[in-house]
Amino acid sequence: MSPFTYQNGVLCAEQVPLTAIAQQFGSPTYVYSKAALMHNFSSYADACKRNGRDASSSLVCYSVKSNSNLAVLNVLAKMGSGFDIVSGGELLRVLAAGGDPRKVIFSGVGKSREDMALALSHEILCFNVESIPELHRLNEVAGAVGKTARISLRVNPNVDAKTHPYISTGLKENKFGVAYEDALATYRVAASLPHIEVSGIDCHIGSQLLDDAPLLEALDKLIELIDTLDAEGIVLHHLDIGGGIGITYDTDQPVAVGDYLDRLFAKVDAWRKARHQDKPIKVMFEPGRSIVGNAGVLLTEVLYLKHGAAKNFAIVDAAMNDLMRPAMYEAWHGVQTVTQRTTAALNYDVVGPVCESGDWLARSRDLAIEQGDLLAIMSAGAYGMTMSSNYNTRGRAAEVMVDGAQVFEIRQREKPQDLFALESMLA
Ligand SMILES: *Cc1c(COP(=O)(O)O)cnc(C)c1O
């Protein structure tokens, strides 16, 4: 389902014309659809239910880094979502948004002592540990604050996610996770530490995966390891397969989330039946992009048109600091005119005002536009606002969420004076 459709020739978010949003909140503005967010989360939750799982035997931990706005987190928390965080700051956001810390898992290769202590004080569900030195540090911090840290090891199953090298994380040469060959020895270390409780296993092999075959291959590798550990008396209670399911940006056809989960649960069920007397294991997911990516657009205004001999440029008021993905990954985002014109289209590069040649949002698009028109940069809900910066002392965009015919401002546009409020000159 797309919540962004033309009604009477104007692109709308649910029932609200984007022209009205630009008028009220200005541009650039990120616009999210609550219905899309809920629909996308439900595709995970419903598949868990359909496969006989309840809250004790499955957990969807939304990946906060994909879009960490409090309103987004709050909508998901109310639906029972858990959260996958990568910093103490993200934990504070989850708490501020009403999320349950007992449904929080903490990922990332470089957790600080302070972040570990904060997470322990809120008794989060699990730390996804990525190295032996991190295990020792966590043991030490947990001991100092008189707590026990539940952990899973992020194991690197060495499968090829067949995605962009910058967002592929499950191969040997990546910085993430414990090598598959070292996992057993690392679990033995974990099991020997007094303030560590071995709880599960996890992996995350990459992002924007269109096919679930690499994920099911990773699952097979995790299952093998769980059985090996079991034989040694190290019993795991959960299995976390990570996130990574892709979305449609252009012509991409990602696997349906429900179909992927049906296949995954079928494999898990067959395995538990054959080798664990049907004893359940909690299955967890860490989706980000597939929940929020297509639930958002970046609304921007055409400032100027520059028609040249070699190229035409549409200079818009959004830039690489607002949406970094094109500059960073050469990512493709759809561009739609908010009001449809009947005049002839010209071929444009859509670029921002930032002083970098890498500041482009879309290249070589046929658009029928005039100065002052509004454009929607599509599929911008994930890794859009969260990766934005203040480069060129540009305040971050406003964010709004649409719910039916209502619009809520969920983050104010940053004011330039706020951007240097923490700075000072020499005495
Ligand atoms: C980024 C990340 C995710 C989410 O990935 P998506 O591709 O957005 O689903 C999940 N788990 C970990 C550990 C991550 O770093």
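Biologist: Where is the place of Glu14?

Modeller: Glu14 sits in the loop between β2 (10–13) and β3 (16–17); strands (E, at least two residues) and helices (H or I, at least four) are DSSP runs, numbered from the N terminus. This is a predicted model, in which local features need pLDDT of at least 70, side-chain atom pairs count only at pLDDT 80 or more, and totals for chains, interfaces and linings use all residues. Residues are numbered from 1 along each chain as its sequence is written, and side-chain values use heavy atoms, without hydrogens and water.

Biologist: And what is phi of Glu14?

Modeller: Phi of Glu14 is near 50°. That is a positive value, and the residue is not a glycine.

Biologist: Moving on, which residues does a cis peptide bond join?

Modeller: The cis bond joins Ser27 and Pro28, with omega at about 0°.

Biologist: Which loop has Pro28?

Modeller: Pro28 belongs to the loop that runs between α1 (18–25) and β4 (29–33).

Biologist: Now the ligand. Which residues come nearest?

Modeller: There are 14 residues around the ligand (a heavy atom within 4 Å). Of these, Lys65, Ser207, Glu286, Arg289 and Tyr383 come nearest.

Biologist: What does the side chain of Lys65 have at 2.6 Å?

Modeller: An oxygen atom of the ligand lies at that distance from an N or O atom of the Lys65 side chain, a polar contact (N or O atoms within 3.5 Å).

Biologist: Which atom of the ligand lies 3.4 Å from His204?

Modeller: A nitrogen atom of the ligand is 3.4 Å from a polar side-chain atom of His204.

Biologist: Does Arg289 use backbone or side chain, and what is the distance?

Modeller: Arg289 uses its backbone: an N or O atom there is 2.8 Å from an oxygen atom of the ligand.

Biologist: How much of the ligand's accessible area does the protein cover?

Modeller: Of the 390 Å² that the ligand has on its own, the protein covers 93% (Shrake-Rupley method, 1.4 Å probe).

How values were computed
Polar contact = N/O pair within 3.5 Å; in protein donor to acceptor, adjacent residues only side chain to side chain.
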